[in-house]
Amino acid sequence: MKKRRHPVRTVLFAALAVYIAWLAVQILSYRKYVSPPEPARAEITSFRTDGSPDAAPARAGAPEPVELRGAFHLHTRHSDGTKTVEEVAAAAERAGLDFVILTDHGSPNFASFDSQRQIGRVMVIAGAEISSSRGHLVALGFKRPTQRFSQNAESAAREVAALGGFTVIAHPYSKTRWSWGDRADFSGLEIISFDSDLRRGWAPSLLYAPVLLIKPSLALLKILDPPTTAVHKWDRLLEEDEGRAVGPYLGYFSIDAHRLFYETALGVLNLHVQLDSLAPVDFTEASRAVVEALRRGRFYNAVDAAADPAGFRFWAEDGRIAPTVFHIRAPFSFAHEIRLLRRGATVASGNGPELVFEAREPGVYRAEVYLRARTPLRRDVPWILSNPIVIRKDVP
Ligand SMILES: [Zn+2]
Ligand SMILES: [Zn+2]
């Protein structure tokens with residue numbers, strides 16, 4: 001006599017089959033978008049290098065900026081990371097990066113600071129993550145101090161600035177939250193913190209656990225949260241920056257890698273630094289150029305694992321005096337949406353290879369690009385996030 005199948009088992013098998021089919025669709029439909037080489041570059045004869053607050057004047061026929069790709073906010077064994085500096089550099093080289101910014105805990109972390117050098121093709125640049133009175137503060141670009149930085153956030157920022165450096169507020173809305181005071185001397189804030197999203201999003205991403213073995217970057221893209229709160233705060237800070245002499249707050253995509261998915265994360269969220277000329281060969285000069293570009297906001301952020309952003313440019317014609325014409329170049333062969341924003345509101349948007357907008361109002365403007373092709377990114381997670389350009393009132 002034939003044995004009857006247990007109905008519960010049948011349902012479980014069916015559910016498993018549906019799950020495997022769903023996973024297969026997810027994996028097979030994911031691909032990192034890459035544009036065909038050299039899209040429409042020859043048409044551009046005049047440009048301002050990028051989203052720089054103090055970019056050089058536009059010059060007809062000026063060369064394209066040189067773009068270096070890196071990762072920001074990494075921990076090594078010098079604090080609570082699990083990789084050595086050499087292992088981080090090797091992983092970065094495999095991920096195709098030009099530089100990494102180490103931010104080991106300490107005020108500063110001298111061992112990490114002293115590890116700065118060229119390792120293979122990767123520039124290892126070290127700052128520090130200071131546990132301050134307001135929260136975690138990343139310090140960068142400072143000369144080696146003779147004593148430790150203050151635990152008071154404002155004092156630490158001033159001490160770092162006195163040594164030629166600058167500070168970035170780390171993960172302001174997760175882990176150790178930032179307690180906001182006056183604008184003080186901080187120069188930027190982290191908009192996306194990968195480690196924070198990972199801690200928050202691990203439960204739903206369990207669904208994608210098998211994907212980690214086959215396409216780890218797909219699983220990591222799925223956990224990225226829309227950075228609504230941080231962007232809202234950033235826009236309010238930029239609004240306060242309008243009409244001030246200080247540079248605008250800069251936004252950073254941060255990895256904050258310690259141990260989990262370290263190597264994959266290096267290729268998920270990236271900083272793209274734009275230099276006027278080819279990076280110098282000498283490590284001291286080259287790392288100084290990268291740090292200067294970061295200080296001046298001559299970089300943009302991108303979720304590189306979703307699509308290759310090379311070719312993105314954001315510039316304003318004829319100086320930074322209103323009225324001016326903005327250009328956002330996104331010459332990509334896949335569906336995308338470009339937005340130009342001021343005070344958190346979209347003032348222009350488009351889907352073409354370049355968005356051109358005449359801005360009559362002075363103010364702080366920035367650009368975002370979203371993927372609209374089939375993408376693992378959630379709809380409100382920006383694929384590209386520029387840094388701001390300040391347009392001032394014409395002073396006679
Ligand atoms: Zn931290
Ligand atoms: Zn950290």
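I started with K222, whose side chain makes a polar contact with the side chain of Q26 at 3.3 Å. By polar contact I mean a pair of N or O atoms within 3.5 Å; within protein, one must be able to donate a hydrogen and the other to accept it, and residues adjacent in sequence count only if both atoms are side-chain atoms.

Before going on, a note on the source: this is a predicted model, where local features need pLDDT of at least 70 and side-chain atom pairs count only at pLDDT 80 or more, while totals for chains, interfaces and linings use all residues. Residues are numbered from 1 along each chain as its sequence is written, chains are lettered from A and ligands numbered from 1 in the order in which they are written, and side-chain values use heavy atoms, with hydrogens and water left out.

Back to K222, which I found in helix α7, residues 216–222. Helices (H or I, at least four residues) and strands (E, at least two) are DSSP runs, numbered from the N terminus. K222 is buried yet has no salt bridge, and D225, the nearest side chain of opposite charge, is 12 Å away. Buried means under 20% relative accessible area, exposed over 50%, and partly exposed in between (1.4 Å probe, protein chains only). A salt bridge needs a side-chain nitrogen of Lys or Arg within 4 Å of a carboxyl oxygen of Asp or Glu. For charge, Lys and Arg count as positive and Asp and Glu as negative; His and the chain ends are not counted. Neighbours within four places in sequence aside, K222 is in contact (heavy atoms within 4.5 Å) with Q26, Y208, P376 and R378.

Next I checked K83, in the loop between β3 (66–74) and α2 (85–94). K83 is also buried without a salt bridge, with E263 as the nearest side chain of opposite charge at 4.7 Å. Leaving out neighbours within four places, I listed T76, R77, V88 and Y262 as its contacts.

V88 took me into α2, where the buried residues are V85, V88, A89, A91 and A92. They sit on the same side of α2 because they cover an arc of only 165 degrees around the axis, taken from the directions from the helix axis to the C-beta atoms. Those residues pack against β3, β4 (99–102), β5 (117–119), β6 (122–126) and α9 (262–265). Just after α2, I noted G96 with a positive phi of about 80 degrees.

Then α4 (residues 153–162), where A153, E154, A156, A157 and V160 are buried. Their arc is only 160 degrees, which puts them on the same side of α4. Their cover includes β7 (128–132), β8 (135–140) and β9 (166–169). N152 caps the N-terminal end of α4, with a side-chain oxygen 3.1 Å from the backbone nitrogen of E154.

What holds the zinc ion (ligand 1)? I found E129 (OE), H136 (ND1) and H171 (NE2) coordinating this ion at 2.0 to 2.2 Å. Donors are N, O and S atoms within 2.8 Å of the metal (3.2 Å for Na, K and Ca); water is not among the atoms, so sites may look incomplete. The zinc ion (ligand 2) is 3.5 Å from ligand 1, and E129 coordinates both. E129 and H171 are both buried.

Last stop: R372, which counts as partly exposed because its relative accessibility is 22%. A polar contact of 3.1 Å joins the side chains of R372 and E337.
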